[in-house]
Structures are given as C-alpha cells and as structure tokens.
Amino acid sequence: MRVHNTQDELTPKNLKTSLKSNCVYASVEKNGEQFMTPDDFVQRFLGLHRDENYNPQTVKLLGSILDTSKDGLISFLEFQAFEAVLCRPDALYITAFQLFDTNGSGTISFDEFEEIIKHTTLHEQIPFNFGSEFLRLHFGGDKKKRNQL
Ligand SMILES: [Ca+2]
C-alpha cells in the first residue's frame, strides 16, 4: 500500500482546504485585512525556495502570479481567484500570462516578456534571441504590439 501525503501536493482540492487556513500564512495586516507577501506564499505556504541561497527575485515573480493588483501583497480575494484559475482547463496559460503581465495591465508588452525571459536559467545557458521571427510575430517589428489573453 502506498502512503500518500496530500499535504505535499499542490492540487485545487488541497488549495481549497488550505484556503480556509491561509490567514495562518498572512504576515501583513492593513486596515483589518490580512495579506500574504510573496515570501509567505512561496516559502511558507508552498514550501518552495526555502534554502538560504534562494533567489528573492524568483520568489517575488512567483508571488506576482497571484498578486493581480501588483501592489506586492496577496489578498484573500487574489488567493481565491488563483484557486479558481487552477480549476480551469487553461490554468497553465492564465498562470503564465499573469506571470508575464508584470504590471497587471491585462496585456503583455515586449519589455515585460523580455524581463521574465532574462530571469530564467535557460536564458543564462542559451541566450534567447530577442530579434527572432517569433517575437516579430507577437510584438511587431517595432516591438510595440501588446498581447492579450
Ligand atoms: Ca495584491
């Protein structure tokens, strides 16, 4: 028989269970409302990037996926909205979009795309070609075109 610890897996069901106790992870209180910081969500709630050499920028970027208002804090409503996203069949696309949309405008500019790609370890190993046909297609020759979901 396989021993299964559901607390170790990030599934919509587990998130729902955790949702009720997410205030435990919220370290910031403003006007009577509790918020999680990116550190609270990524390191304490998910249990990721906890080693002493973790990259704070990575934690900030992962937290920003939930922080759709981009105020640096994750509200209970933002956490609930993320749970709803995870239940959708296109959850991966929406999550990726929210990662790249760093200013929460609902569109992805060339600068936002470049900022995230330049942060990846893959780019460090194999530099991404920001003058490629792929980028011309999605951002136009002048790189001014913005992409929406
Ligand atoms: Ca927020």
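Reader: How are residues numbered, and which residues count?
Author: Residues are numbered from 1 along each chain as its sequence is written. In this predicted model, local features need pLDDT of at least 70 and side-chain atom pairs count only at pLDDT 80 or more, while totals for chains, interfaces and linings use all residues.

Reader: Why are α3 and α5 called oblique to each other?
Author: Helix α3 (residues 56-66) and helix α5 (residues 91-100) pack at an angle of about 120°, with axes 8 Å apart. Angles under 35 degrees count as roughly parallel, over 145 as roughly antiparallel, 65 to 115 as roughly perpendicular and the rest as oblique; α3 and α5 are therefore oblique.

Reader: What makes residues of α3 and α5 meet?
Author: Two residues are in contact if their C-beta atoms, placed from the backbone, lie within 7 Å. On that basis Leu61, Ser64 and Ile65 in α3 meet Thr95, Gln98 and Leu99 in α5. The residues of this contact divide into 3 nonpolar, 3 polar and no charged.

Reader: What makes a set of residues a nonpolar core?
Author: Such a core consists of buried Ala, Val, Leu, Ile, Met, Phe, Trp, Tyr and Cys residues joined through C-beta atoms within 7 Å, where buried requires 20 or more other C-beta atoms within 10 Å of the residue's own. The largest nonpolar core has 14 residues, and Phe35, Phe41 and Ile74 are among those with the most contacts inside it. The elements that give two or more residues to this core are β2 (33-36), α2 (38-45), α3 and α4 (76-86).

Definitions and conventions. Axes fitted to C-alpha atoms, helices over the stretch in contact; angles between N-to-C directions. Helix = DSSP H or I, 4+ residues; strand = E, 2+ residues; numbered from the N terminus. Nonpolar A, V, L, I, M, F, W, Y, C, P; charged D, E, K, R; others polar. Buried ≥ 20, exposed ≤ 12 C-beta atoms within 10 Å, placed from the backbone.
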